[in-house]
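Please find below a short note on the model under review. It is arranged as numbered points, each of which may be read beside the coordinates.

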Amino acid sequence: MLATAHEPHLVTDLNQPCDSDVALVTTVDDISPGLLEDVALTAITHPYLDAMTEKIRQESIPWECYSSVGLITADEVAMIRHIENKPAEDIDTAMNEHGIHYAGMFLDLLQKMARVDALQKVLVLIQDMLNGHVERISLFHQASRDRPDYPFGPFQKALRINDEFIGLQASKFLALLICSTPKSDLDMEEFFRWMTFQLQSRNSELIELNVQILDAVFHVPAYRKVFWNTLHAVDTLVNIMKTGSNNPQFVYETVFAIWLLTFDEEVAIHLNRKYDVIPTLIEIAKCAVKEKIIRVVVATFKNFIEKAPRSNLSAMLVSKLLPFVEHLSNRKWADQETVMDLEFIRENLIESFQNLTTFEVYASELETGKLTWSPPHQSDTFWQRYAARLDEDDLHLLRILTRLLYTSDPYVISIACYDLGQYAKFGPPRAKLNMEELGAKHRVMELMTHSDVEVRYQALSATQKYFAMVA
């Protein structure tokens with residue numbers, strides 16, 4: 001079942017107007033033809049893949065020779081020759097009359113053949129079959145009745161062949177098959193492991209295409225959780241988003257994938273805690289040259305609040321999302337839903353800010369690792385009242401503060417040194433022992449020789465406070 005609120009249309013053209021007919025969201029109750037249209041073949045496209053497809057289309061395959069050695073049958077050769085490199089009208093006629101037989105033949109060829117050149121050409125023939133007629137993907141389901149492992153098995157087998165084109169086309173067609181049925185025999189864990197490996201490629205075009213495929217597959221809610229639980233899958237996708245790109249289309253598609261993931265409550269609870277994505281999303285929206293990028297970022301923030309407010313609201317406040325949302329609210333938006341989302345976010349952030357204690361704001365700042373010289377840090381009253389709370393939950397916040405001493409940002413390190421000095425001065429009787437056991441004392445003393453002058457100063461000050469308390 002698809003989630004019942006604000007489920008997405010897949011809009012991939014950033015040059016489309018931001019009118020209601022291309023809004024980010026829709027509501028559907030089950031896998032449907034409308035969903036398949038959302039992930040139509042044209043949504044997974046790239047000049048890089050088009051060039052490979054055209055090159056393979058022009059290559060000649062000796063089908064008759066393969067038939068003579070028993071790799072394929074004479075009837076299969078005749079069916080291939082009937083549509084190979086033929087005009088779209090001829091292919092349409094053949095598919096209208098014999099489409100289910102062609103689908104069955106393509107599945108059989110993928111299953112039984114191992115030659116790279118032949119498999120590449122079969123995948124091009126499937127591309128020609130589906131061009132402009134994405135609904136024909138249903139023919140593969142019809143041709144697979146009472147046939148174990150079909151239609152997914154042959155395409156998944158193709159993924160294991162070490163060929164870039166075969167992998168891209170097979171995974172693209174698997175995405176269409178997945179989104180055209182409420183049930184799938186596909187091993188999604190294996191599929192996402194394969195996708196994760198592709199996303200780690202140094203080939204940017206390959207990464208872009210695989211993100212598009214994820215956008216399609218994530219339309220099915222159950223598979224978002226599978227991806228979340230796949231080793232290194234989410235951190236790879238988040239790293240792609242954080243690395244950034246000069247291609248607005250790719251930025252949009254990457255954030256779109258993150259947005260779809262956040263419809264899952266578990267993902268919404270843990271995504272920012274594990275990967276600190278909220279500051280990155282804010283920066284993406286600030287730098288966006290296309291309105292749709294801002295819209296999908298805003299929609300992601302809304303999901304964070306709707307699905308997991310306790311996990312995300314304070315982190316949003318620490319990341320200064322509220323003033324940014326207020327700035328966006330003053331802009332004119334063609335899409336009324338964006339206006340409503342911004343108001344929803346603003347109202348929830350204001351309410352959260354009013355309800356948070358000063359210590360909760362400070363704790364949220366520590367959790368994000370984005371330390372600033374905000375008032376709590378420099379208030380003796382704050383430390384007199386709250387220093388002991390760094391010991392709660394098995395020294396959870398004190399451990400975070402200690403880890404921040406090892407970051408690469410001198411600004412963060414200097415504030416962490418100052419806070420530890422305040423903890424040593426105003427903390428509980430065990431404060432100095434806790435600092436020693438966690439290695440904070442040793443690290444602060446090391447930082448007295450740091451290359452940054454402010455770090456040296458704050459480390460010296462913290463050390464003096466520590467030894468004053470010892471005395």
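This is a predicted model: local features need pLDDT of at least 70, side-chain atom pairs count only at pLDDT 80 or more; totals for chains, interfaces and linings use all residues.

1. Overall dimensions and secondary structure. The protein contains 27 helices and two strands. Along the principal axes, its C-alpha atoms fill a box of roughly 95 × 50 × 40 Å. Of its 471 residues, 55% count as buried.

2. Domains. The domain assignment divides the protein into domain 1 (41-183), domain 2 (217-356) and domain 3 (362-467). Taken over C-alpha atoms, the centres of domain 1 and domain 3 are separated by 61 Å.

3. An unreviewed UniProt entry places the feature "domain: ATPase V1 complex subunit H C-terminal" at residues 355-467. In the model this span is 70% helix and 0% strand, and its end C-alpha atoms lie 37 Å apart. The label itself comes from the UniProt record.

4. The largest pocket. Which residues are closest to the centre of the largest pocket? The space in this pocket comes to about 840 Å³. Its lining has 27 residues, of which Arg273, Arg310, Ser314, Ser364 and Glu367 are the closest to the centre. Two or more lining residues are given by each of the helices α15 (265-275), α18 (309-318), α20 (336-355), α21 (358-368) and α23 (392-404). By class, the lining comprises 10 nonpolar, eight polar and nine charged residues.

5. The model has two cavities of 30 Å³ or more. The second largest cavity has a volume of about 50 Å³. Its lining is formed by Leu420, Gly421, Met435, Lys441, Val444, Met445, Ala462, Thr463, Tyr466 and Phe467. The elements that give two or more residues to this lining are α24 (410-426), α26 (440-446) and α27 (453-470). Helix α27 provides the largest share, with four residues. By class, the lining of the second largest cavity has seven nonpolar, two polar and one charged residues.

6. Cysteines. How many disulfides does the model contain? The count is zero. Cysteine 287 counts as exposed because its relative accessibility is 58%, over the 50% limit. Cysteine 417, at 0% relative accessibility, counts as buried.

7. Aspartate 215. Is aspartate 215 buried or exposed? This residue lies in helix α11 (residues 204-217). Its relative accessible area is 1%, under the 20% limit, and therefore aspartate 215 is buried. Aspartate 215 and glutamine 249 are 34 residues apart in sequence, and their C-alpha atoms are 13 Å apart in space.

8. A cis peptide bond. Tyrosine 150 and proline 151 are joined by a cis peptide bond, with omega of about 0 degrees. Proline 151 is placed in the loop between α7 (137-142) and α8 (152-159).

9. Positive phi at aspartate 276. Although aspartate 276 is not a glycine, its phi is positive, at about 50 degrees. The residue lies in the loop between α15 and α16 (277-287). Aspartate 276 counts as buried because its relative accessibility of 18% is under the 20% limit.

10. Positive phi at lysine 320. Lysine 320, likewise a residue other than glycine, has a positive phi near 60 degrees. It is found in the loop between α18 and α19 (321-329). With a relative accessible area of 48%, lysine 320 is partly exposed, because this value falls between the 20% and 50% limits.

Terms used. Residues are numbered from 1 along each chain as its sequence is written. Side-chain values use heavy atoms; hydrogens and water are left out. Domain bounds come from an automatic or database domain assignment. On a 1 Å grid over the protein atoms alone, a cavity is a set of points where a 1.4 Å probe fits but cannot get out, and a pocket is an open set with protein on both sides within 12 Å along at least five of seven lines; lining residues have an atom within 4 Å of a point. Grid points are joined across faces, edges and corners, and a volume is the space filled by probe spheres set on the points. Ala, Val, Leu, Ile, Met, Phe, Trp, Tyr, Cys and Pro count as nonpolar, Asp, Glu, Lys and Arg as charged, and the others, Gly among them, as polar. UniProt positions are given in the numbering used here, feature names are shortened, and annotations may be inferred rather than shown by experiment. A disulfide is a pair of cysteine sulfur atoms within 2.5 Å. Buried means under 20% relative accessible area, exposed over 50%, partly exposed in between (1.4 Å probe, protein chains only).
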